[in-house]
Structures are given as structure tokens and as C-alpha cells.
Amino acid sequence: MTYDVAIVGGSFAGLTAALQLGRASRTVGVFDTGRPRNAASPAAHGVPGWDGTAPGVILAAIRKDAAAYPTVTFHDQAVTGLTGQADAFRLTTAGGEVTARRVILACGMMDHLPVIPGLAEGWGKWALHCPYCHGYEIKGQPLAILGRGPMALHMAKMLRSDWSDDVTLIAHEGDLGPEAEAEAAALGVTLLRSPLTHAQSLTDGARLTLADGTSLHTAGLFLHADTSFAAPFVAGLGLATAQGPTGLYLKVGAFNTTSRAGLFAAGDVTRPAGILTPALSDGVVTGTASHQSLLWPERFPPLQET
Ligand SMILES: Cc1cc2nc3c(=O)[nH]c(=O)nc-3n(C[C@H](O)[C@H](O)[C@H](O)COP(=O)(O)OP(=O)(O)OC[C@H]3O[C@@H](n4cnc5c(N)ncnc54)[C@H](O)[C@@H]3O)c2cc1C
């Protein structure tokens with residue numbers, strides 16, 4: 001059987017796309033390895049109607065909605081390769097080869113944390129990527145930033161302005177220029193120029209130890225992790241990409257078309273910084289666009305690189 005649309009990634013973006021396609025009675029295969037990007041986080045915030053709800057609860061509800069449509073099928077297995085073209089894509093999966101007329105890449109991004117003992121245990125709990133997602137719960141408490149590049153001072157200004165009077169910027173990799181002292185002082189932020197060597201999880205955040213012996217308590221340590229495509233085969237497809245502050249992401253055109261005809265992309269894989277609600281919105285756009293591209297392929301040309 002050839003699916004009308006195969007979706008790689010059955011999380012916020014992919015499930016939402018499946019819902020639209022199921023409502024058009026189109027055959028959809030959703031392939032998913034069950035590791036949404038925010039899996040480590042106990043609660044998702046800033047999601048209208050779901051504020052403070054566990055990511056798994058939100059996903060289970062969306063999957064239940066999509067599963068109500070009989071033409072939507074789920075396969076809890078990885079896609080490891082994609083060849084072919086519009087109307088005749090071939091996906092390699094653990095269960096064998098699958099064919100599809102259209103494909104949506106909704107397989108997300110992988111975060112690569114700096115290798116520091118204790119840091120990975122805190123990811124999504126006190127080691128945080130975004131103050132909008134997790135800052136309100138710890139506002140007014142001691143906060144820290146693991147400084148990497150220009151975004152560190154950007155984060156420092158945001159946190160000091162609207163989340164806490166007690167903000168420490170740790171210049172972990174020493175890549176903050178000499179002007180950082182004056183900028184941090186002007187913001188009222190403490191700048192420590194010593195690498196973070198160890199983090200210990202506490203019930204109210206973490207204790208951070210620096211190479212020079214400094215020890216401090218923080219309720220939240222904000223950092224930007226490097227990123228890569230969560231599905232390794234995506235990097236080998238030769239699609240148009242753009243460089244974001246943490247890694248490459250897919251360039252998409254109107255209606256989330258990629259640079260290959262018939263291949264769409266949705267969610268974090270298409271943007272430099274991940275946030276959940278746009279992933280849901282992308283699911284709607286790619287679900288409806290992939291459906292309509294079956295009817296009017298000429299209206300959904302591939303993205304042209306300029
Ligand atoms: C720690 C943390 C906390 C966050 N908290 C918030 C928050 O509070 N609020 C908010 O708005 N945003 C939050 N985000 C961002 C949010 O998690 C993402 O924006 C959102 O998960 C993106 O959805 P997605 O569907 O694009 O990708 P994902 O949710 O990452 O899903 C991708 C799916 O594809 C699957 N997959 C990957 N490779 C393959 C493959 N080869 N074959 C098959 N399936 C595959 C994965 O298993 C996964 O299920 C947070 C991010 C992090 C890192």
C-alpha cells in the first residue's frame with residue numbers, strides 16, 4: 001500500500017498534521033520513536049489551553065484525536081532513510097520499505113548539552129533553554145546563565161529585567177569578549193569568568209561548582225544547547241538549510257514546502273529556536289498543504305534557493 005502521506009515524527013507537529021489529513025479521509029502513516037524534545041520537562045508552559053500540563057499528557061490527547069480517524073495508522077518505529085520523489089517516495093523503516101506520495105518531516109531536533117557532570121540530569125527541570133517556557137515558576141529566585149556567545153548577554157538582559165534581581169552569568173567557554181564586564185555591570189548581572197565543572201541537583205534547583213572553586217545555588221540555569229536533526233538521515237537529503245545560533249535547520253517556503261517537490265517539513269526542524277505552539281500550527285499548515293498538493297501539485301512548488 002502507498003500512503004497518501006507519510007509523516008516522520010508523531011509529536012506535536014506530526015500528530016497535528018495527521019489530524020488534518022485524517023479529516024480529509026486520506027491514508028496517513030505516522031512513524032515515531034517516542035522522544036519529543038521536551039520529554040525531560042515535567043510540564044509545558046505557554047501552550048494555550050494546556051499551560052502547565054505534562055508534555056506526554058498533551059501528546060496523548062492529540063494522538064487520541066488523530067487515532068479516531070480510520071485512515072490514520074501509527075508505527076512506533078524509526079525512519080532511517082528517504083529516497084524517491086513526489087508520488088513515489090520510499091521510506092526505510094525497521095519494518096521494511098514504505099511508499100508514500102507525500103512526506104512530512106516532523107522529526108524535530110536533538111539537543112547536545114555541554115559535557116558537565118550533573119548537567120544532563122537537570123535538563124528540563126532546572127537546566128533550562130527558555131524563560132518563557134520555564135522562567136515564571138522560578139521568578140525572583142537566584143538564576144544563572146551558562147554563557148556561550150552573544151546570546152548570553154541577550155538572555156542576561158531578559159532575565160535581569162523581568163525574572164530576577166539575582167542573575168549570575170558564568171562565562172563557561174571564555175568566549176565572552178572583554179566588553180562583557182561593562183555590559184554585565186550595566187545590567188546589574190554578576191559575571192564569573194570560570195568554567196562550570198559540576199552541577200548537583202537539589203530539590204529547589206542546583207548547586208553549581210566552578211573551576212576556581214566558586215560554589216553557588218541557582219533555581220534555574222539557562223543555556224543554549226547545540227542542536228542537530230533528531231533523525232540523522234535528514235542531514236543527508238540535500239535539502240536547503242539555514243544556520244541558526246545553535247545549528248542547522250530546514251529552510252521552508254510558503255506552506256512549509258522544502259526544496260524537494262512533495263516533501264514538507266513541520267515543527268522545530270524548520271526553525272532556529274523550538275517552541276511548541278508554532279509546531280502545532282505547522283502541523284495544520286503541512287497537513288492541509290500536503291493534502292491539497294495531491295489535488296493541485298503545481299500550486300506547491302519546491303522552495304527555490306535564492
Ligand atoms: C527541555 C525542553 C523544555 C521545553 N519546554 C517547552 C515549553 O514549556 N513550552 C513550549 O512551548 N515549548 C517547549 N519546548 C519546545 C518544544 O519541546 C518543541 O518546540 C516541540 O517539542 C517541537 O515539536 P515537534 O513536533 O516539532 O518535535 P518533537 O516534539 O521534538 O518531536 C519529534 C518526534 O519525532 C520523533 N523522531 C525523531 N527521529 C525520528 C525518526 N528517525 N523516525 C521516526 N520518528 C522520529 C521523535 O521521537 C519525536 O517524537 C521545550 C524544549 C525543551 C528542549
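Predicted model: local features only at pLDDT ≥ 70, side-chain atom pairs only at ≥ 80, totals over all residues.
## What counts as a pocket here

A pocket is an open set of grid points with protein on both sides within 12 Å along at least five of seven lines, and its lining residues have an atom within 4 Å of a point.

The lining of the second largest pocket is made of 20 residues, and H129, C130, H224, A273 and G274 are the ones nearest its centre. The space inside comes to about 400 Å³.

Which helix gives the most to this lining? It is α5, with four residues. Helix α4 also supplies at least two residues. By class, the lining of the second largest pocket has 12 nonpolar, six polar and two charged residues. Domain 1 and domain 2 each provide at least three residues of this lining.

## The largest pocket

The largest pocket has a volume of about 1000 Å³. Its lining counts 49 residues, with R35, P36, R37, N38 and M109 nearest the centre. Two or more lining residues come from each of α1 (12-23), β4 (79-85), β7 (109-112), β8 (127-128), α4 (131-134) and α7 (276-295).

If you sort the lining of the largest pocket by class, you find 28 nonpolar, 16 polar and five charged residues. Here, too, at least three residues are drawn from each of domain 1 and domain 2.

Eight residues from domain 1 and eight residues from domain 2 make the contact.

## How α5 meets α6

Two packed helices are described by the angle between their axes and the distance between the axes. The axes of α5 and α6 (residues 180-187) come within 10 Å and cross at roughly 10°. Angles under 35 degrees count as roughly parallel, and α5 and α6 are therefore roughly parallel to each other.

On the α5 side, the contact is made by L153, A156, K157 and R160, while α6 brings A180, E183, A184 and L187. What classes do the residues of this contact of α5 with α6 divide into? Five are nonpolar and three are charged, with no polar residues.

Key. Residues numbered from 1 in each chain as written. Heavy atoms only, no water. 1 Å grid on protein atoms, 1.4 Å probe; cavity = no way out; pocket = protein on both sides within 12 Å on 5 of 7 lines; lining within 4 Å. Points joined across faces, edges and corners; volume = space filled by probe spheres on them. Nonpolar A, V, L, I, M, F, W, Y, C, P; charged D, E, K, R; others polar. Domains from an automatic or database assignment. Axes fitted to C-alpha atoms, helices over the stretch in contact; angles between N-to-C directions. Parallel < 35°, antiparallel > 145°, perpendicular 65-115°, else oblique. Contact = heavy atoms within 4.5 Å.
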